[in-house]
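Please read the points below alongside the sequence and the model. They are set out by region, with confidence taken up at the end.

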Amino acid sequence: MASLQRGPKSHAIYAEQRLILNNGSHRAFTLRQMGATHVPCVVQHVSSRDGLEVVASSAVRRNPDLYLKHARPPILKDYFNPQLRMVMPVHRRLRQVTVRIEVEEDFVPAL
């Protein structure tokens, strides 16, 4: 389970008396499937819709009322409903990061 705990933790937004899982839904699904009922999560309180523009995912920014006002917003248990989800095979990928250091030398007039 240690590999599931590496990297960024789940992040939620508390706005208008609702808690929105902003990222980490796949992690939350996997942990729940493994039997976990409680996991650490960073919760960021947002006091206005303007604050959502700064911290929310693009889906929440596009349609905030779906998450904040709708009587039945999307919830984590929807991942477990076979009528609402589709499991798709995905090819494993490795991430390669290339770091370059560039040095540029210029001569400028001295004072």
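**Notes on the predicted model**

1. S10 is buried, with a relative accessible area of 5%, where buried means under 20% relative accessible area, exposed means over 50%, and partly exposed lies in between (1.4 Å probe, protein chains only). S10 belongs to strand 1, strands (E, at least two residues) and helices (H or I, at least four) being DSSP runs numbered from the N terminus. Leaving aside residues up to four places away in sequence, S10 touches L21, N23, G24, R27, P40, C41 and V42, a contact being heavy atoms within 4.5 Å.

2. Some conventions apply throughout. This is a predicted model, in which local features need pLDDT of at least 70 and side-chain atom pairs count only at pLDDT 80 or more, whereas totals for chains, interfaces and linings use all residues. Residues are numbered from 1 along each chain as its sequence is written, and side-chain values use heavy atoms, with hydrogens and water left out.

3. The loop between strand 1 (10-15) and strand 2 holds E16, and Q17 is also placed in the loop between strand 1 and strand 2. E16 is not a glycine, yet its phi is positive, at about 50°; Q17, likewise not a glycine, has a positive phi of about 65°.

4. How many salt bridges does the structure hold? There are four, counting a side-chain nitrogen of Lys or Arg within 4 Å of a carboxyl oxygen of Asp or Glu. Side chains of opposite charge can pair when their charged atoms come close. E16 forms one with K69, the closest N and O atoms being 3.1 Å apart. This pair links distant parts of the chain, since E16 sits in the loop between strand 1 and strand 2 and K69 in the segment after helix 4 (64-68), 53 residues apart. K69 counts as exposed, at 53% relative accessibility.

5. A salt bridge also joins the side chains of D65 and R49, at 2.8 Å from N to O. D65 lies in helix 4 and R49 in helix 2 (residues 49-55), so the pair ties together parts that are 16 residues apart in sequence. Both partners are partly exposed, D65 at 41% relative accessibility and R49 at 30%.

6. The side chains of D78 and R72 meet in a further salt bridge, with N and O 2.7 Å apart. Here D78 is buried, with a relative accessible area of 14%, whereas R72 is partly exposed at 41%. Elsewhere, salt bridges that share partners join E16, R49, D65 and K69 into one network.

7. Within helix 1 (residues 25-33), the buried residues are A28, F29 and L31. Strand 2 (18-23) is included in what covers these buried residues. After helix 1 comes G35, whose phi is positive, near 105°.

8. The largest pocket has a volume of about 510 Å³. On a 1 Å grid over the protein atoms alone, a pocket is an open set of points where a 1.4 Å probe fits, with protein on both sides within 12 Å along at least five of seven lines, and its lining residues have an atom within 4 Å of a point; the points are joined across faces, edges and corners, and the volume is the space filled by probe spheres set on them.

9. Which residues lie nearest the centre of the largest pocket? Of the 21 lining residues, these are I20, L21, P74, I75 and L76. Strand 2 gives the largest share of the lining, six residues, and strand 2, strand 3 (41-45) and helix 3 (58-62) each supply at least two. The lining divides into 14 nonpolar, five polar and two charged residues, with Ala, Val, Leu, Ile, Met, Phe, Trp, Tyr, Cys and Pro taken as nonpolar, Asp, Glu, Lys and Arg as charged, and the others, Gly among them, as polar.

10. The mean pLDDT of the chain is 87, and 93% of its residues reach 70 or more, pLDDT being the predictor's confidence in each residue, from 0 to 100. Over residues 1-5 the pLDDT is below 50, and this stretch has six contacts in the model beyond near neighbours in sequence. Where pLDDT is low, the predicted coordinates should not be read in detail.
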